[in-house]
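Work through each task with the structure in view, then read the solution.

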Amino acid sequence: MNDLIGGGIKVTTFFKHASFGLLFTFFVLITTACSTSEEASSEQSVKLKADESVPYIGFVLDTLEQERWYKDKELFEDQVQSLGGQVKTLAANGIDEVQLKQAQLLIEEGVDVLVVVPHNAEAAAKIVELAHQNDVTVISYDRLITNSDLDYYISFDNEKVGALQATEILKRVPKGNFAYIGGAETDNNALLFRKGAMSVLQPLIDKGDIKLVVDKYTDEWRPTIAEQNMVLALKETKNDIHAVVAANDGNAGGVINALTSVGLAGKVPVSGQDAELSGIKRIIAGTQTMTVYKPINVIATKAAKMAYDIAIGKQIKTDTTIDNNKVKVPTILLEPTTVTKETINSTVIKDGYLTEEEVYSK
């Protein structure tokens with residue numbers, strides 16, 4: 001197992017081409033191996049650090065089913081290795097029990113720091129507890145782990161993300177029937193995206209200019225569920241929806257599929273987030289209005305440097321604190337950016353996040 005998912009080894013190709021069923025089987029195998037490791041650890045500690053003087057960082061992802069997380073993984077690993085550290089990335093594909101087992105495996109292998117993208121904000125508190133029992137520091141990456149003694153949090157200003165989405169849609173449609181298609185309610189970021197969007201929409205709702213005819217979260221952030229929610233909303237309103245604030249590009253894709261089925265794609269503005277290639281292509285095609293670009297190269301490299309510095313005992317400077325319902329977590333918040341058809345070249349292409357060939361090829 002270590003040869004397959006070991007520190008720094010690229011597993012991106014495997015995940016890109018594997019079906020969900022195969023991925024599930026793969027991670028069940030990992031879980032089984034972790035259980036075996038637990039039994040062995042009662043007799044002898046499992047330490048896979050080649051050199052105790054080399055910082056060992058564990059990166060625990062929620063999923064590799066969504067396009068953006070491949071970029072986080074590769075950038076994070078490259079930065080840790082360039083600093084002289086050892087790194088291993090594991091992804092649980094939305095299964096809380098597997099994510100906890102993967103964290104336990106990395107702790108048993110001797111990681112100095114765990115960087116975690118939680119699947120479920122509350123369930124991941126068990127990871128923090130387990131890590132602290134073994135003197136391992138935890139950084140919550142992009143999504144906040146709640147109800148825990150979390151050490152650090154690095155993310156983007158997620159309320160601002162929601163505000164940017166609503167603001168750009170309002171430029172196209174200042175009045176009318178609006179739909180909000182949010183993310184997973186178990187993801188604290190989804191709550192913040194909605195809060196930010198509503199900070200912009202609510203005054204207009206109160207004024208009577210906007211009627212929020214749909215307000216739904218999307219289980220597991222699954223585009224198919226976003227599509228189902230939008231199909232139902234269109235039926236209930238007899239297609240009388242004038243704008244959609246969708247929480248990310250995956251949801252936007254589902255929404256646009258539903259709009260396409262009734263001939264409204266390109267006529268109803270739809271927001272997004274993550275600047276996924278599919279979302280950018282829809283913006284060029286005119287079916288998606290905007291996306292929010294969160295420079296993955298910035299968060300991945302900053303988080304990797306942060307983890308490495310913690311491992312070697314350096315002092316960490318943070319910008320602010322965020323209340324995770326238990327403690328005020330030292331936090332670094334980065335700035336998100338609106339991307340429209342007019343700004344694709346000056347944002348995602350300029351930064352090298354996507355290439356011109358990727359974006360404009362048919």
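**Exercise 1: the cavity**

The structure holds one cavity of 30 Å³ or more. This is a predicted model, in which local features need pLDDT of at least 70 and side-chain atom pairs count only at pLDDT 80 or more, while totals for chains, interfaces and linings use all residues. Residues are numbered from 1 along each chain as its sequence is written, and side-chain values use heavy atoms, with hydrogens and water left out.

Task: state what lines the largest cavity.

Solution. 
- Terms: on a 1 Å grid over the protein atoms alone, a cavity is a set of points where a 1.4 Å probe fits but cannot get out; a pocket is an open set with protein on both sides within 12 Å along at least five of seven lines; lining residues have an atom within 4 Å of a point.
- Volume, the space filled by probe spheres set on points joined across faces, edges and corners, is about 100 Å³ for the largest cavity.
- Its lining has 13 residues, with Arg143, Asp187, Phe193, Trp221 and Asp274 nearest the centre.
- By class, three are nonpolar, four polar and six charged.

**Exercise 2: the largest pocket**

Task: find which residues lie nearest the centre of the largest pocket.

Solution. 
- The volume of the largest pocket is about 420 Å³.
- Among its 22 lining residues, Thr63, Glu65, Gln66, Trp221 and Pro223 lie nearest the centre.
- The lining divides into five nonpolar, eight polar and nine charged residues, where Ala, Val, Leu, Ile, Met, Phe, Trp, Tyr, Cys and Pro count as nonpolar, Asp, Glu, Lys and Arg as charged, and the others, Gly among them, as polar.
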